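Please read the points alongside the sequence and the coordinates.

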Amino acid sequence: MQIFSLLVAGLALACSLSAQKRTVEMWPGAQYDPAIPTIEKTLGYSAGERIASHAHIMKYFEALAAAQPKRVKLMEYARTWEGRKLIIAVIGSEANIARLNEFQAGMKKLADPRKTAEAEAQKLISSLPAGVMLAYNVHGNEISGPDAAMAAAYHVLASRNDKIVDSILANTLLMIDPTQNPDGRDRFVHNFEIAEGLEPVAYPLAAEHAEPWPGGRTNHYLFDMNRDWFAMTQPETRGRIKTLLDWYPLVFVDLHEMGGESTYYFAPEAVPYNPHIVKHQREALYQFGKNNAKWFDQFGFRYFTREVFDAFYPGYGASWPIYYGAIAMTYENASARGLLWEKSDGTTFSFAESVQKHFVASISTAETAAANRKALLENFWNYRKTALEEGKTEASKEYVLLREGDTAAADKLADILASQGIEVRQAKDSFLVEGATAPAGSYLVSAAQPMKRMIRTLLDPDTRMEEEFLKEQERRRKKKQRDEIYDVTGWSLPVQYNVRQIISKSALTVPGAPVLPGKLPPGKIEGGKATVAYLVPWGSQAASRFLASAFRANLRILSAGKAFTQAGRKYPNGTLILQVKENPGSIHDTVSNLAASTGADIMAVNTSWVDEGPNFGSNNTLSLKRPNVAILWDTPVAGSSAGATAFVLERQYGYPVTRLRTRSLPMVDLSKFHVLILPEIQGNLAGELGRGLSRIKDWVANGGVIVGLGSATSFLASGPVGLLPVQQELLAKEGASTGSGPVSEAGGRRMATGTAAPPSSNAPNADNGPAPGKIFTKEDDYLRAIQADREMPDDVAGVLCKAKVDTESWIGAGSQDFVNALVNGRAIYSPIKIDRGINAAVFSGPNDILQSGYMWEENRKQLAYKPLVIVAREGRGLVVGFTVDPNYRGYIDSMNLLFLNAVLRGPGAAR
């Protein structure tokens, strides 16, 4: 027993010594008030010694609020899908915390120069503190942020005799969002803790660093929430945006991590800049950056600026706040992805050291804001004023969103804009705009409002990058170097939603009711109580929600296989038919409730007679089955694609999905399912499936519907599978052969998930002997000679492209004539032969295909007239290939109907 006790004591001492090596003094020499609870006293470990869970983070901030109620206020702003709290901790002097309501009201006055006189604005500018929001851990496995947030909160509250902290408390309201992604963080912490051993291992491939699929970066639905800001698909994002618009913090910092081989990054940011970022915002980045540099030099921290991370795309946390008038920045920290990390040069650093860097940057940022309080407020006021004036004088004066076609998409878009602080009004009557008639109910957005720059960023068809930047990318591309475009370049919301927009060159005096966020119009039933059937015209988001809900209510549903006319009204292909006598007696109440909850417009009819087209009992009318839908889950599936697909079905349309792990598929009884969705693939799926591959093929032949998204289309077309007779194309060259052979893929910056990896390298000379001699008379001869004989198209960063839909096909039923899809990567597919299937949606011609973003010329020409959606029959079943992911980031609403036709109506179209 004594020996055992000695062993335990020895182990405890060893662990204690090991922990000492992993802790650092965050701000050397600081004197702290012992009345303020420390992290160690509250949680049992010091900052950076352990990776705090969400529960521990909440526990510490609650302890601070309890100890200092006059200087700390906690505000819950949302709950995650898994039920975890998202909070803002507001920290300030007692005087500033006591007047939080006054501060909030004052910022809203400064935000609207139409309602606030200059004299009143100047009084507010002279008296209000500057709101500074420090937001950490939007990517759950970027772990040092929340621990730095706790350290920063403690330092500001507990420091004594510190002029910097005194200035911060007097001149700012510090708003700390300690973890923007609690679900992802706890996923990482759980995976890390179950892989821990006796002491931390620095080796990067150790289990404690190697996260299992899907990793902790994303939220519950596997969304990268640092791309979601303008889309607002996730509850975390919606809550954050509402909070920002409630308080208008003037500085917003999104604190991240990057690879362990890096150092630390802070602003100023890389080019390209979004053209709607104004001069004072760009200049402010240098102020903050130089102060950060001062402190990093003092602490001996290495850093870099102006590289890699740009602010062009408006969906980042470091970009969206810019467009209401804030200074927004990204900070990136080298990640230990655990407690210790070994770099390739043999040196190691600890989690505590990375926590300290984020902590120092946080204090430095607050210091800069405090020193520039008045200038920040003045610039915010001027930003809003000049936006208003520019909206009156610029060419684009009014944006009109026509409420036609998919009216539910127009309603949703208007709601998304209103939720981002943009003033939208809805016209009661029809009106003329630029020679066209906008129907009653259309939406108007005047550019003459303080959010003008946000409006232009989100609604302009295209946002251009600087010409010099684009010239440099083309130069790099010619040399087969990676381009420097960081994210997608096309995001125009009307294009994403496929809502027709007219931009008026003159301000419109059309009256309209203001659109209030969250007030989407309910559906209605025309014709009262039906004696024969209820008809739901197909083709809208609302009708799709109705179908999903009707399936779950166990209603019997038919779907027209062709368009028809009844009582003078035209109904599109796909229209839903719910016959009264074939459904329960409660159908009237059920349909009424579903209309109200889904927004669908429904017609009650008292006869089945049609004037034109097939009758309800025609063989052209599909009997829809309530589908059991499965989605492939786990490696080698792309988590972002799987998560977005599940989200679109479950949360946007209310239909459940069964997740099947790849390794389980060979044992799954597929006869229980009608639809199997294959999200984007990032690896060898055929090898993972093994004998499950033949079972999938048999299931399809027996009537199953398999739907491949993006790179899964290449899997379905591959030799081992052979379910889709198409091929991915090489780069088209004048006079070049298009047969098979070695392929070069150099030159693209990214290997996007929508791209099947090609073979690499060029074939060497067959006999390694001398090559035939050539004479080059000009440099162009040399440049041609060094090009690969056969290569893949270059990688496109992300653009919105137009495609024509075969609306007579079952999968195109109800669709508008054209849709828009997000194209990224380099995958271009040959069309399917007419005797093997149908090309249900085909990209437009080269002069019309690009709707938003920057696309390489060769890709634009080659993608023209190539398929977006391919359908083939296999036995009694159906194979559907989307050549790009229709659910990309959950925000390409234009593609929803085609995808839902495949999943919800596909089993009815199978034999």
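Two strands are taken to pair if DSSP finds at least two bridges between them; helices (H or I, at least four residues) and strands (E, at least two) are DSSP runs, numbered from the N terminus. The model is predicted, with local features requiring pLDDT of at least 70, side-chain atom pairs counted only at pLDDT 80 or more, and totals for chains, interfaces and linings using all residues. Residues are numbered from 1 along each chain as its sequence is written, and side-chain values use heavy atoms, with hydrogens and water left out.

1. Surroundings of β35. Strand β33 (residues 837-843) also pairs with β35, antiparallel and over five bridges; Asn839 stands opposite Ile870. Six of the eight residues of β35 (residues 867-874) are buried, so the strand is largely enclosed by the rest of the structure (buried means under 20% relative accessible area, exposed over 50%, partly exposed in between, with a 1.4 Å probe and protein chains only).

2. Asp835. This residue lies in the loop between β32 (818-825) and β33, and counts as exposed at 63% relative accessibility. The C-alpha atoms of Asp835 and Ala872 are 9.5 Å apart, although 37 residues separate the two along the chain.

3. The six-stranded sheet. An open sheet of mixed pairing has the strand order β19-β25-β20-β24-β21-β26. Because β19 (524-526) and β26 (621-624) are at the edges with a single partner strand each, one side of each has no neighbour in the sheet. From one strand to the next the twist averages 30 degrees (axes are lines fitted to C-alpha atoms, for helices over the stretch in contact, and angles run from 0 to 180 degrees between N-to-C directions). Strands β19 and β25 (residues 601-605) run parallel and are joined by three bridges, with Ile525 opposite Ile602.

4. Helices on the sheet. Helix α19 (residues 587-598) packs on the sheet and touches β19, β20 (533-536), β24 (576-579) and β25, its direction making about 125 degrees with that of β19; contact means heavy atoms within 4.5 Å. Helix α26 (residues 896-909) packs on the sheet as well, touching β21 (557-560) and β26, at about 110 degrees to the direction of β26.

5. Helices α3 and α7. The axes of α3 (residues 54-67) and α7 (residues 144-158) are 11 Å apart and at an angle of about 10 degrees. That angle makes α3 roughly parallel to α7 (under 35 degrees counts as roughly parallel, over 145 as roughly antiparallel, 65 to 115 as roughly perpendicular and the rest as oblique). Ile57, Tyr60, Phe61 and Leu64 of α3 meet residues of α7 including Met150 and Leu157.

6. Backbone points to inspect. Cis peptide bonds join Trp213 to Pro214, with omega about 0 degrees, and Val271 to Pro272, with omega about 5 degrees. Positive phi values in residues other than glycine are found at Asn161, near 55 degrees, and at Tyr248, near 50 degrees. Asn161 counts as exposed at 72% relative accessibility, whereas Tyr248 is buried, with a relative accessible area of 9%.
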